[in-house]
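Subject: Structure handover

Hi,

Here is the structure we talked about. Please load it before reading on.

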Amino acid sequence: MTGGAELREMRWWDIEPVLALEDELFPEDAWSAGMFWSELAHSRGPGATRRYVVAEDPGGRLVGYAGLAAAGGLGDVQTIAVSRDQWGTGLGARLLTDLLQHATAFECDEVLLEVRVDNTRAQKLYERFGFEPIGFRRGYYQPGNIDALVMRLTVQGTGTEI
């Protein structure tokens, strides 16, 4: 296994360690516990429209997480994060692969995401998966008024296997 981390579905008891990693990686615009609770409420059962996954290292420490929302044939990568000590291990690619597999299961025709314009590391990852830039959201990340690059991947009907 790349990076030694194991992926599994996020559950409510993961919210606290996810928030710790969220605060470490995104101190200025971290999600709240309520935001994660709301997303997880839509992640189970026959009407599920969300997929949230966590990565645990062999010692049980949470080292990454990712989430996807799906509706009306459109998937949206809500969040993806990897602890700094796991950068370069391929964990981000594994998390994204999991989300894209679920986008296919949700019958999404395309998947969108926003990424900070100054986060070239993440942009390169998304480009490797076939995401293409389609526009900007001005001042999307606050504070700091940082623009987001909007990227899209066409999933269904392209012959592309995810």
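Below are notes on the sheet, its helices and some salt bridges.

The model is predicted: local features need pLDDT of at least 70, side-chain atom pairs count only at pLDDT 80 or more, and totals for chains, interfaces and linings use all residues. Residues are numbered from 1 along each chain as its sequence is written, and side-chain values use heavy atoms, with hydrogens and water left out.

Sheet first. Seven strands form an open sheet with mixed pairing, in the order β1-β2-β3-β4-β5-β7-β6. (Strands are DSSP E runs of at least two residues, helices H or I runs of at least four, numbered from the N terminus; strands pair if DSSP finds at least two bridges between them.) β1 and β6 (132-141) are at the edges with a single partner strand each, so one side of each has no neighbour in the sheet.

β4 (residues 74-82) and β5 (residues 110-116) pair in the parallel sense over three bridges. Asp76 has Leu112 in β5 as its bridge partner.

Now salt bridges (a side-chain nitrogen of Lys or Arg within 4 Å of a carboxyl oxygen of Asp or Glu). The count is twelve. In one of them, Asp98 meets Arg51, with the closest N and O atoms 2.9 Å apart. Asp98 sits in helix α3 and Arg51 in strand β2, 47 residues apart. Both Asp98 and Arg51 are buried (under 20% relative accessible area, with exposed over 50% and partly exposed in between; 1.4 Å probe, protein chains only).

Asp85 and Arg61 also form a salt bridge, at 2.5 Å from N to O. Asp85 is in the loop between β4 and α3, and Arg61 in the loop between β2 and β3, so the pair ties together parts 24 residues apart in sequence. Arg61 is partly exposed, at 37% relative accessible area.

Best wishes
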